[in-house]
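Please keep the sequence and the model in view while reading.

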Amino acid sequence: MQHDDVKSNVLTTTLESAINWGRKNSLWPMPFGTACCGIEFMAALAARTDISRFGAEAIRFSPRQSDLLIVAGRISIKMMPVLIRIYEQMPEPKWVISMGACASSGGVFDTYSVIQGIDRFIPVDVYIPGCPPRPEGVVDGLIKLQELVDKEKFSDYAPPATNS
Amino acid sequence: MAIITKSYEPTFWDKLYFPALFKGLMVTLRYFFKRKVTIQYPEEKYIPPDGYRGLHRLNKYSDGRIRCVACEMCSAACPVDCIHIIPGPSPWDEGKERYPVRFDIDLLRCIFCGFCEMACPEEAIELTEIYDFSDLTRENLLIDRDGLLEVYELTKNKNYYSQTKKSEKSET
């Protein structure tokens with residue numbers, strides 16, 4: 001059956017696309033705002049570019065209740081173990097948005113103490129360029145992430161085959 | 001010793017709680033009929049003012065020659081060193097002798113300060129009004145010369161979001 005047919009027919013939908021639909025429309029972000037990008041993320045939450053239109057308004061400051069980590073701001077070497085711990089505490093279907101130049105590549109802080117891109121340590125799904133990005137840029141990243149979540153398969157989460 | 005005095009004794013009307021509840025709901029109702037501030041983003045775009053610093057572009061002359069002469073002033077002015085230029089001899093007979101063989105900008109490193117367009121003596125590099133260009137991979141956000149020229153074609157005469165005409169650039 002074609003994927004478009006599945007979407008148009010609710011009764012014969014697969015469990016996979018039903019769950020993906022639920023997941024993509026209820027992304028609960030965990031903001032890790034360490035700099036000005038965090039302020040701009042708050043602007044994305046506010047009334048003008050309301051990200052609750054995409055089901056992502058439930059900001060959880062507890063990693064165990066969230067499934068989307070938004071890293072907004074520069075991460076120093078001392079902060080990285082904290083971020084990795086937070087990432088590992090999040091329950092499994094989890095995604096990461098790297099927001100802004102500092103989180104994505106270190107930005108203007110090309111120094112020994114700032115991580116030159118968080119994807120050296122944790123996997124990143126969506127990169128949002130900008131210093132800081134506009135709230136619309138954040139929404140654009142969120143829409144791209146929703147498209148990514150929609151295409152996910154259960155087999156992506158299967159444990160790796162062991163050679164025994 | 002301090003004596004706590006109650007300045008206000010709740011009356012029967014206060015103890016009902018419903019008047020206060022409806023008072024609060026009236027605020028909600030008032031905002032319901034006010035002008036909406038939300039921009040319905042993917043359908044309705046925010047139009048940045050003139051001079052907004054978004055995605056870069058490389059300008060061209062009207063006959064298709066690239067304005068850039070690969071003098072590397074922009075990469076020297078860049079505070080984050082995100083512009084990488086490899087110069088080469090120009091393929092065109094008229095005009096300047098140099099032109100960029102490669103012109104790569106690391107958009108994830110860029111902080112959109114606009115120093116490059118200020119440093120440029122040929123008005124070749126310019127920042128456009130495009131603000132939504134997030135992507136899934138790091139490689140897609142490395143924009144090269146052809147990508148920058150593509151952005152020029154998108155934003156040459158009209159605003160990328162409002163589709164209104166821009167004033168024509170003077171030929172020098």
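In which segment of chain A does Y157(A) lie? Y157(A) belongs to the segment after α6 of chain A, where helices (H or I, at least four residues) and strands (E, at least two) are DSSP runs, numbered from the N terminus. The model is a predicted one, in which local features need pLDDT of at least 70 and side-chain atom pairs count only at pLDDT 80 or more, while totals for chains, interfaces and linings use all residues. Residues are numbered from 1 along each chain as its sequence is written, chains are lettered from A and ligands numbered from 1 in the order in which they are written, and side-chain values use heavy atoms, with hydrogens and water left out.

With a relative accessible area of 29%, Y157(A) is partly exposed; buried means under 20% relative accessible area, exposed over 50%, and partly exposed in between (1.4 Å probe, protein chains only). Leaving aside neighbours within four places in sequence, Y157(A) is in contact with R23(A), E92(A), P93(A), K94(A), W95(A) and E152(A), contact being defined as heavy atoms within 4.5 Å. Between the C-alpha atoms of Y157(A) and I19(A), which are 138 residues apart along the chain, the separation is 14 Å. Chain A also holds a cis peptide bond, from C131(A) to P132(A), with omega near -15 degrees. P132(A) is found in the loop between β4 (126-128) and α6 (135-150) of chain A.

Attention now turns to chain B and its sheet. Strands of a sheet pair through backbone hydrogen bonds, either parallel or antiparallel. In chain B, three strands form an open sheet in the order β2-β3-β5, and the pairing is antiparallel. The strands β2 (83-89) and β5 (142-143) of chain B stand at the edges with a single partner strand each, so one side of each is left without a neighbour in the sheet. Two strands are taken to pair if DSSP finds at least two bridges between them, and two bridges join β3 (residues 98-106) of chain B to β5(B). D106(B) has L142(B), in β5(B), as its bridge partner. Across β3 and β5 of chain B lies helix α5 (residues 145-155) of chain B, running at about 90 degrees to β3(B); axes are lines fitted to C-alpha atoms, for helices over the stretch in contact, and angles run from 0 to 180 degrees between N-to-C directions.

Two residues of chain B call for a look at the backbone. A70(B), in the loop between β1 (56-58) and α3 (73-77) of chain B, has a phi near 55 degrees, a positive value in a residue other than glycine. At 0% relative accessibility, A70(B) counts as buried. F112(B), in the loop between β3 and α4 (115-119) of chain B, likewise has a positive phi of about 55 degrees although it is not a glycine. F112(B) counts as buried at 7% relative accessibility.

Charged pairs come next. Side chains of opposite charge can pair when their charged atoms come close. Over all chains, the structure holds 13 salt bridges, a salt bridge being a side-chain nitrogen of Lys or Arg within 4 Å of a carboxyl oxygen of Asp or Glu. R65(B), buried at 15% relative accessibility, meets D63(B) in a salt bridge (3.1 Å, N to O). The side chain of R65(B) also forms a salt bridge with that of E94(B) (3.8 Å, N to O). R65(B) lies in the loop between β1 and α3 of chain B and E94(B) in the loop between β2 and β3 of chain B, so the pair ties together parts that are 29 residues apart in sequence. Both D63(B), at 46%, and E94(B), at 44%, are partly exposed. In a further salt bridge, D146(B) pairs with R145(B), the closest N and O atoms being 3.6 Å apart. D146(B) is partly exposed, with a relative accessible area of 46%, whereas R145(B) counts as buried at 16%. Salt bridges that share partners also join K60(B), E153(B) and K156(B) into one network.

F22(B), in helix α2 (residues 18-32) of chain B, counts as exposed at 52% relative accessibility. Together with F18(B), L21(B) and L25(B), F22(B) forms a nonpolar patch on the surface, with about 430 Å² of accessible area in total. Patches are made of residues with over 30% relative accessible area and no salt bridge, like charges being joined within 9 Å and nonpolar side chains (Val, Leu, Ile, Met, Phe, Trp, Tyr) within 5 Å. Accessible areas come from the Shrake-Rupley method with a 1.4 Å probe, and for residues only the protein chains shown count as cover.
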